Amino acid sequence: MALGEGIRQQIRQVLLFFVCLGGSLVCSETWRYSVAEETETGSFIANVVKDIGSGVEDLVARNARVIFDDYKPYLWLDRQTGNLLLHEQLDREALCDLTEPCILYFQVLLENPLQFFRAELWVRDINDHTPTFVDKDVLLKIPEGTAPGTSFQMESAQDLDVGKNGVQNYTLSPNPHFHLKLEVSDEGRKYPELVMDQSLDREKEPELRLTLTALDGGSPPRSGTAMVRVLVLDINDNAPEFERPVYEVQVPENSPLDSLVVKVSATDLDAGINGELSYSFSHVSRDIRKTFELHPITGEVHLKALLDFELIQSYIINIQAIDGGSLSGKSTILVQVVDVNDNPPEIVITSLTSPIPENSTPEMVVAIFSVRDQDSEANGRMVCSIQDNLPFLLRPTFKNFYTLVTERPLDRETRNEYNITITVTDLGTPRLKTQHNITVLVSDVNDNAPAFTQTSYTLFVRENNSPALHIGSVSATDADAGANAQVTYLLLPPHDPHLPLASLVSINADNGQLFALRALDYEALQALEFRVGATDRGSPALSSQALVRVLVLDANDNAPFVLYPLQNGSAPCTELVPRAAEPGYLVSKVVAVDGDSGQNAWLSFQLLKATEPGLFGVWAHNGEVRTARLLSERDAAKHRLLLLVKDNGEPPLSASVTLHVLLVDGFSQPYLPLPEAAADPARADPLTVYLVIALASVSSLFLFSVLAFIAVRLCRRGRAASLGGCSVPEGHFPGHLVDIGGTGTLSHSYQYEVCLTGGSGTNEFKFLKPAISNLPQLSTERAESHTFLNGFGFN
Ligand SMILES: *[C@@H]1O[C@H](CO)[C@@H](O)[C@H](O)[C@H]1NC(C)=O
Ligand SMILES: *[C@@H]1O[C@H](CO)[C@@H](O)[C@H](O)[C@H]1NC(C)=O
Ligand SMILES: *[C@@H]1O[C@H](CO)[C@@H](O)[C@H](O)[C@H]1NC(C)=O
């Protein structure tokens, strides 16, 4: 078809050429008209009358016509006027596109004669189109860090208008990163390029929006825009950065395992893997790795082992964060372990002196010890104390050392052991306390003498004991201890050096038991006094003494001894009784003594047998034998009475007495003076005198002396009064007792030996000596007795 059109055009040109050659002025010139595109229909273009060179009437007549080359009726000819009018609006871009100038060729044809006039209609461009970008949204991906000066080519904008009305210029919205540069292509077309002025930073501005404007040269110019979105592509140009250069945390040392210590956090401005972080320790010690755990993703640090302030007070942990591009950031965690009062105080006894001697001077050092608390601050400050009311003091010395000293001298006998509790308390919260017990013994010093349980001991023993009889004990205690309290007993030397104490008693040195070494005879020795000592074994030894009084108890070991009438004598006494004697006549008086004392010497008399019963009676208490009735001539002259003298001992001992009585005629001198006779002291029987003296005596020794004298006198007188006479046995006989008051109760006396030295006359008796001598307590009395007796001519 294109081919067909071309052929037709050629045919027309040939035709035109022919027309011009055949006519005269027809082809001489080409009319040229112009109209702006888009001009309104009916608009006047030109008047052809003048150009044709004939009258306007010819136009009708000659059927003037306008014929465009493409046969389209762009114009029509008003044959009445010759005006060329626009038949339709013209669009230059539709008619010519980019061809410039845009010329529509046509002919004005006249018939009769046939005449052609060539004409051109120049369609002028008006700026009726706007520059347009094909792609109104342009995405430009530019890696950050791209060097300045780099240019990025942009698509050019299209404008259907031509020439000046086409795209003439481009502008870019103002921005710091790019400027626009216009380049001209090989075809001479301008196109824009973005030239980088300043490199991009994704982290600051990940994306830019630029407006690219295309301008045409119309008046007024038209413009079209495209949005250029610049997407900044990340590069790993940022290292991770921790939010803090140093993390300072305080962790109580008793924090449990797995507790959170701190959470670290770093950021990386980069995107994607370049911003993906992983946390780790950086060059840390094994200790730290053992103790802490850093989670690579969360950044949490947890405790992996227990802390101990006392071992490590702080940790410096270097950490790092690494991004996917291997860039790293560093930080440090400073862990301060906070002390918790988890250590009780400790006490270390450095020295302890025990036992300590009693009575030692105050301030004696008993113990040295040190205290320690591994905690710090208040948790480690300590207060040290011991119990109140102990005689000890705590003295702080240097540093944490204390000494425990005595406050005053100690007395072992009061207290020999002290349990001292040393209490150390720290000032932490809660308070922790440690106690240490020490036992301080007090050693003995011999500061106590043995002490007898009594200052004096009175011991009773019955006489006639078996030798080595235990007669009693003394006891002394010693408050001291050990050898200082070991008591030894001993007999102290008697005051009287003559007392044979050692032969009488002995003492067990260990237990203080006293023994009689030989049988004691009450009648010989009624009491014994001596001192015993008790000595401890301290050094020096201490001792004390006590008095021991041994009282010998009487035993009924002496039978009554009849002094009168004498028995066993060669010439028994015979009492003479006148037959005219009244009843109650005192025939005789049996005098008996008993060597014992008390009840044992209490005598009673009893008539056992009589030649003529009922004639005589004996008074049980005083031994008086009296007639019971009147005597008569029928009564026999000779009588024999058997009497019993019995003591009151248990069992009783007795002696029998035979009394011979001879009844004589007439009156005879009574045996004992009648009361009226006794009233005259001059005529009084000497026996009575002596009895009176005896009554006045308080000394038993003296009394005995008197008794002995009486006995002898009685016997002598009896002998003188009797026909055959009485005899006193030669030799010794014991001293005796006498019933002074006629009651039969006899007081005891000491035993003296007396001796009958002659058969008659004076000086029949000689006073010898006491049976037991060297009685210290009696020495004075005895001396008095000597004097007294001497005074009575007993030598
Ligand atoms: C394009 O526009 C810019 C800014 O308006 C102007 O400076 C420049 O001279 C223009 N260039 C041309 C060729 O008109
Ligand atoms: C001291 O302690 C010991 C042992 O606990 C105890 O046997 C003793 O009776 C105590 N002494 C005193 C005086 O408390
Ligand atoms: C120390 O002695 C006190 C009092 O006798 C007692 O209560 C405590 O248990 C003792 N302490 C030690 C450690 O023996």
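A polar contact is a pair of N or O atoms within 3.5 Å; within protein, one must be able to donate a hydrogen and the other to accept it, and residues adjacent in sequence count only if both atoms are side-chain atoms. The model is predicted: local features need pLDDT of at least 70 and side-chain atom pairs count only at pLDDT 80 or more, while totals for chains, interfaces and linings use all residues. Residues are numbered from 1 along each chain as its sequence is written, chains are lettered from A and ligands numbered from 1 in the order in which they are written, and side-chain values use heavy atoms, with hydrogens and water left out.

Ligand 2 is a place to begin. Around ligand 2 stand Arg415, Glu417 and Asn419, where a residue is near a molecule or strand if one of its heavy atoms lies within 4 Å of it. Glutamate 417 has a polar side-chain atom 2.9 Å from a nitrogen atom of ligand 2. In the side chain of asparagine 419, an N or O atom is 2.3 Å from an oxygen atom of ligand 2. On its own, ligand 2 has 360 Å² of accessible area, of which the protein covers 33%. Accessible areas come from the Shrake-Rupley method with a 1.4 Å probe; for residues, only the protein chains shown count as cover.

The backbone comes next. Most residues other than glycine have a negative phi, and most peptide bonds are trans. Serine 354 and proline 355 are joined by a cis peptide bond, with omega near 5°. Proline 355 is in the loop between β24 (346-352) and β25 (356-357); here helices (H or I, at least four residues) and strands (E, at least two) are DSSP runs, numbered from the N terminus. The peptide bond between serine 539 and proline 540 is also cis, with omega about 0°. Proline 540 is found in the loop between β39 (527-535) and β40 (543-553).

Which asparagine has a positive phi of about 50°? Asparagine 112 does, although it is not a glycine, and its place is the loop between β6 (102-110) and β7 (115-124). Asparagine 112 is exposed, with a relative accessible area of 62%; buried means under 20% relative accessible area, exposed over 50%, and partly exposed in between (1.4 Å probe, protein chains only). For asparagine 359, phi is near 65°, a positive value in a residue other than glycine. Asparagine 359 lies in the loop between β25 and β26 (365-372) and is partly exposed, at a relative accessible area of 40%.

A disulfide is a covalent bond between the sulfur atoms of two cysteines. The structure holds 1 disulfide, counted as a pair of cysteine sulfur atoms within 2.5 Å. Cysteine 96 and cysteine 102 form it, with their sulfur atoms 1.5 Å apart. The link of cysteine 96 and cysteine 102 is right-handed, with 65° about the S-S bond. Both cysteine 96 and cysteine 102 are buried. Cysteine 384 counts as buried too, at 15% relative accessibility.

Rolling a probe the size of a water molecule over the atoms shows where empty space is left. On a 1 Å grid over the protein atoms alone, a cavity is a set of points where a 1.4 Å probe fits but cannot get out, and a pocket is an open set with protein on both sides within 12 Å along at least five of seven lines; lining residues have an atom within 4 Å of a point. The second largest pocket has a volume of about 380 Å³. Its lining has 17 residues, of which Asp159, Asp161, Gly166, Val167 and Arg189 lie nearest its centre. Strand β10 (residues 167-172) gives the largest share of this lining, 3 residues.

Some buried residues remain. Tyrosine 315, in strand β22 (residues 314-323), is buried at 7% relative accessibility. Between the C-alpha atoms of tyrosine 315 and valine 284, 31 residues apart in sequence, there are 10.0 Å. Leucine 90 sits in the loop between β5 (83-86) and α4 (92-96) and is buried, with a relative accessible area of 3%. Leucine 615, in the loop between β45 (604-610) and β46 (616-618), is buried with a relative accessible area of 0%. The C-alpha atoms of leucine 615 and threonine 627 are separated by 5.9 Å.

Note on methods: Points joined across faces, edges and corners; volume = space filled by probe spheres on them.
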